[in-house]
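Have a look at the structure, then read on.

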Amino acid sequence: MAVAETKKMTTLQVQRFEPSENPTNTYLTDEKGLWAWMTTVDHKKIGLMYLGSVAFFFALAGFLAVALRTELWTPAKNFIEADTYNQLFTLHGAMMVFFVLIPSIPAALGNFIMPMQLGAKDVAFPRLNLASFYIYVIGAIFTFISLYMNGFDTGWTFYTPYSSDANSAGVIWVTLGVFILGFSSILTGTNFITTIHKLRAPGITWGRLPLNIWALYATSIIQVLATPVLAITILLLSFENILDIGIFDPALGGDPVLYQHFFWFYSHPAVYIMIVPGFGIISEVISTFSKKTVFGYWAIALSSLAIAFIGFLVWGHHMFTSGQSAVATTVFSFLTFLVGIPTGIKILNWVATLYKGSIDMKTPMLYVFIFLFLFSIGGFTGIMLGALSVDIHLHDTYYVVAHFHYVMMGGTLIALLAGLHYWWPKMTGKMYNETLGKIAAVLVFIGFNMTFLPQFVMGAQGMPRRYYNYIDQFQTFHQTSTIGSYILAVAFLIILYYLTRSLFGGEKAPSNPWNSRGLEWQSTSPPDFHNFDHTPVIINHPYDYHKPMEEFQLGIAVSQNGHDEHHETASEETEKA
Amino acid sequence: MANHSASQPAHVQHHFVDSDQQFDSAKLGMWVFLVNEILFFGGLFCAYIVFRAWYPDLFTQAALQLDKVWGGVNTIVLIGSSLTVAMAIRSAQRNELKGLRINLMITIVLAFVFLVIKYFEYEHKLHLGIAPGSLWNPAPEVLAVLDHPKANIFFSIYYVMTGIHGLHVIVGIGLMIWLYIRAGKGHFNSEYYTPVEITGLYWHLVDLIWIFLFPLLYLIE
Amino acid sequence: MGRLFDFMLPDNKSPLTADSTDGLFHFINEVSLILLLGITIAIIYFAIKYKRKSEDDETPVIYHNHALEITWSVIPLLITLVIFWWGYTGWLNLKSVPDDAYEISVTGFKWNWSVNYANGAQTLNEIHVPKGRPVKIVLQSRDVLHSFFVPDYRVKHDVVPGRYTYVWFQAEEVGESQVYCTEYCGTSHSNMLAKVIVHEPEDFEQWLELNGGGPSGTPVEQGQQLVELQGCQTCHSADGSDNIGPSFLGLWGKQEQLADGSSVTVDENYIRESILYPGEKVVAGYDNVMTPYEGRLSDEEITNIIEYLKTLK
């Protein structure tokens, strides 16, 4: 009740709290053992469990990618059959989209960081949060059952009537898996929206929200509004397979293009579910390592919301060749360009943030630079694909494959790597090896471009996607791409190596190794079970690097909820304006 | 969680500052979830609109196969249950635990009545061979009045929409029984009735969706 | 024409459909390259110039700059509007078939393109067209989604079961152009290729004359031509090699083990049934992926095919 009363007053008694550099009791030491982890409602542990699962699926789907690239070394059969190849690329796509990209930043890093950036003890519904994780696991189990039931080779888009004709057992299981998975995403979104609205610490107004929170907020809105449409679509597709209900099957009077509309109504916004949280990380990292306030706070914050909103109106640009109506095609193309503008604005704002900064090229910052380069290419090629006449030529070729890898991998995954390195000391309490980190980042950059740049060229030359065989003229491009994928694989193994090693032999991390002003850094590394040993009070903008650190280490002087024992660090009293 | 200070009532979870914050959060969370439910059904309504635009005569013909009277009765039953759920919340707010339990019980009974009527409607149609998808095998007397090559599509939509709605009713009954048991144990009072409130919100939505389904499926001319 | 990104595009063999697309492709690439270089040079320059010197560096407080922000919002907006308009007009052109276009019907099915001409000529995976005349390809599908793509002409359209779609082009060079299926359609999706073969107009007329009558000759010869035209050999080899379906070689009179455990002798009735309703008796070890031919072949044609199969021993 204390805060409810103090809110009415104009002043709040605050105190400085410096986080301890040698925490004895952290969330990692709090409850131990497998069972404690599996039943925990702590957002930090749930975040780590998501991170582990995402890493597992990323390794699996990445391994499949390397296998696919190896098969493409020669135009004809190399070592796997056509049907296996078709199943593998489907599995690679479905896993990367549904099991890696969608939960990667919001559910893994977001879960860990968001309540801390809000100064909250947990998300609004901790048990629901745990339930979301288990729903995700059940969805994954369904997908594995599907593999056992003959698998599925429909492409991750499950286009009808192919998906409702052939091989239905596998398709039924995987579509049910995706249906279940959707609920994990919906519940996470619901949880985040509520948390951001209701659980902000005193002083965190909407104008003082970290940009990461704005990005997660925009993401959550998309999750809640778009995912149910996927759920119903995929459920109808299951019914189509089980009962032949005929809604999407032309043989029974239905319409396959209707399926595409339904599917992309979700799956285009889903692209923003994947990339928008990455924008949040970039904003955090770039301001910390430039030691400078973010240029255009509101432009970046509101452009996330603008992208979320316009993102709902552009799904038809996946269907320019499908035979949808001419008016729809024109409108969708036009809106597609509009969604490009806020994205471009963000990039320029980040570049402007670097101007006259104090730039420290640590690994996370290196990833931000890589992001800016790769994501710009992804954006420009997106403009190319939004242009109607050019899209007719490029649709469903390797150009599209290269484009979405530049956006999803060059954007989302590079942002994830930036965030992972940035918050690694906070999450684990250990420092990773900076030299290896930089070497791996450079290798990721080289390997990535080597893999996907040739794909732009061969796509524009006419190489269609999802091809097991190809005509000889494309072989050089394919081989370059394959070598690039091996370099990428090595880079990821190096990252896996030094991150794992840091857990056991890593140098102990200070509470705030990057001297960030972010609220999440005003806790111990790793944090206490309750995140902070006091209720934080915020009086500054989150990126006010010109103000002294002391002004960012404030908490309510009279603590509640039995945390009085840590108060010996109090050193000064400040009044809130 | 052992971290409550003495001033906090037992129902406040550790990560909330006070009871109000917890109540507001639960309510907002439920509203967000309801928005998601609306979009979920929105997809189905979309499919309905598309197919009705394509096959307008089919929809008017096929709707004649549905029983307006029993559909109407079910509408009244659900509206009644919405009223009793609202009364249950009011009882909880006024600390009238007996009223809370009675109203919950009436709601549960009404929900069952709805399902029983729905069961007989389905039963009757399946008996006539009006079944979804590949099970479609209409009896001659149906074919006599419903001679349309795509008739199965209307009933596919009918079964999917009412079926998923029925599933929501079943989930609602489960929630209501859970509330009834907790009310019996004295978990709710005028200070804390959040689960009653948010279940009520959910139940109103289930009712609202039926109010759209009924005219769209049964009453089109 | 010596544009920087010429290396990315295949030869332009149908200027009427490709010119606008190519022009826009080059324009976007060149503008993008300039902007990308700008961004890259800026970030590298900043990284070097403003490298952190000490932990106590002070940085200026720059919250925003209206002039700058308006500039970098409005200029890209104008550029994208130009791109939109350019793409839109180019696309309208792709949709607007000239009145005098020569019409050819192309049917996609797993995993072949069947081509039908007005005079009854039929080909498989070869689309013969006259040079210098607009050609309209009317597309339909027998089974799942396919997509008809000719990179040299910059045209593509999905082939949707249950509706007709079309593309048009005007080839200006005698020669061949590659056709791809670009909508995933199953096992042999990547082998669902065809060629557009461009003739001089008089050669094309001649070719039409020659092939106008459909299959001809003895029943066995007709059967063989039908097997080739229907694309049977995509899945059923004539030389005994194993493929998506059982080989035709030595099929006649053979005992086949079926997927449900029973067995059947290959005779006229079995072949007929397997052509019309392939899902009924599937040979063990193969998937049920064949498109039913019910309503697509006459009794006489089926008889001819059977006669041909009898000769493959």
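**Notes on the sheet, the interface and a helix**

1. Start in chain C, where strand β6 (residues 146-150) and strand β9 (residues 175-181) run antiparallel and are joined by two bridges. Across that pairing, C:Phe148 sits opposite C:Cys181 in β9(C). Helices (H or I, at least four residues) and strands (E, at least two) are DSSP runs, numbered from the N terminus.

2. A word on what you're viewing: this is a predicted model, in which local features need pLDDT of at least 70 and side-chain atom pairs count only at pLDDT 80 or more, while totals for chains, interfaces and linings use all residues. Residues are numbered from 1 along each chain as its sequence is written, with chains lettered from A and ligands numbered from 1 in the order in which they are written.

3. Which strands make up the open sheet in chain C? There are five, in the order β4-β10-β9-β6-β7, with mixed pairing (strands pair if DSSP finds at least two bridges between them). The edges are β4 (126-130) and β7 (155-159) of chain C, each pairing on one side only.

4. Now for the chain A and chain B interface: 34 residues of chain B are in contact with 37 residues of chain A (contact means C-beta atoms, placed from the backbone, within 7 Å). On the chain B side, α1(B) gives the largest share, 17 residues.

5. Finally, helix α16 (residues 434-461) of chain A has 28 residues. After α16(A) comes A:Gly462, with a positive phi near 125°.

Note on methods. Two residues are in contact if their C-beta atoms, placed from the backbone, lie within 7 Å. The expected span of a helix is 1.5 Å times one less than its number of residues.
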